Amino acid sequence: MQPIQVHMFPCLSDNYGYLIHDAENDLTAAIDTPSAQAIEAGLSAKGWRLTHIFNTHHHADHAGGNLELKAATGCKIFGPRADARRIPGIDAEYGDGDTFMFGNHPVVVFDTPGHTTGHIVYYLPEDAVAFVGDTLFSLGCGRLFEGTPKQMWNSLQKLMRWPGDTVLYCAHEYTQANARFALTIEPGNPALVARSRAVDGLRARNEPTVPSTLELEKATNPFLRPSSPEIQKAVGCDGNDLVEVFARVRALKDQF
Ligand code: ZN
Ligand code: FE
């Protein structure tokens, strides 16, 4: 099996668009549809034909291009079962633990409620890549628009069980602002300090900070680190209740 090909490109002000391609079967999926135009440009740059859309959640910067792309290409739209009514043009619904084949590539779906009630992520175990939408960002996590801290912490813990070398593709370039916040609550984490410098360097050259790996996120992302004594001290609670630590980190970030 050839590894899945990933084509990544900026969309809108700070989204990333992704096309994944199975060359052996000539299949191409867009992960979310922030901009139909940008996705069409990506397709023609690669010479690929759109066959699928995999939506993570209903927000307009993720599903806004669905109908235009479906009308232009006849592609099939996959999305969250828990939120099917809010996904324009959905053809097939997926939820926690569902597996399907994208050509030769197994894809496993996880429900990750928190940012929205119906958010899902797509994990390709044999390719060691995952598309995590607005659930987990580099050094951050999605805002809790529709879910509770407990739901989001449970969702993040599902992702934390993947192998450390899993490559994480998130939907936004938020890393530099996330790093500035992270340093306010865990300045004594040398891995975070080093990563923050690296992120500043990449952004100064206008280069993406995405993707990252699960291992790197576990070492540096404050939303995956409620067990850190330094973070617990910074948010003013001990580690007996990791949901409470997570909730306070999320609340501080919302005010940052
Ligand atoms: Zn969103
Ligand atoms: Fe978004």
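**Close-up 1. Burial of Asp61 and Asp134 in the predicted model.** Both Asp61 and Asp134 are buried (under 20% relative accessible area, with exposed being over 50% and partly exposed in between; 1.4 Å probe, protein chains only). The model is predicted, so local features need pLDDT of at least 70 and side-chain atom pairs count only at pLDDT 80 or more, while totals for chains, interfaces and linings use all residues. Residues are numbered from 1 along each chain as its sequence is written, chains are lettered from A and ligands numbered from 1 in the order in which they are written, and side-chain values use heavy atoms, without hydrogens and water.

Close-up 2. Asp61 (OD), His62 (NE2), Asp134 (OD) and His172 (NE2) coordinate the iron ion (ligand 2) at 2.0 to 2.4 Å (donors are N, O and S atoms within 2.8 Å of the metal, or 3.2 Å for Na, K and Ca; water is not among the atoms, so sites may look incomplete). Along the chain, the donors of this ion show the spacing D-H-x71-D-x37-H.

**Close-up 3. The iron ion (ligand 2) and the zinc ion (ligand 1).** The two ions lie 3.2 Å apart, and Asp134 coordinates both. Asp61 belongs to helix α2 (residues 60-63), whereas Asp134, 73 residues apart from it, sits in the loop between β10 (129-133) and β11 (136-137) (helices, H or I, at least four residues, and strands, E, at least two, are DSSP runs numbered from the N terminus).

**Close-up 4. Buried residues of helix α9.** Val245, Phe246, Ala247, Val249, Arg250 and Lys253 of α9 are buried. Elements covering the buried residues of α9 include β12 (140-141), α4 (149-160), α5 (175-185) and α8 (229-235) (contact means heavy atoms within 4.5 Å).
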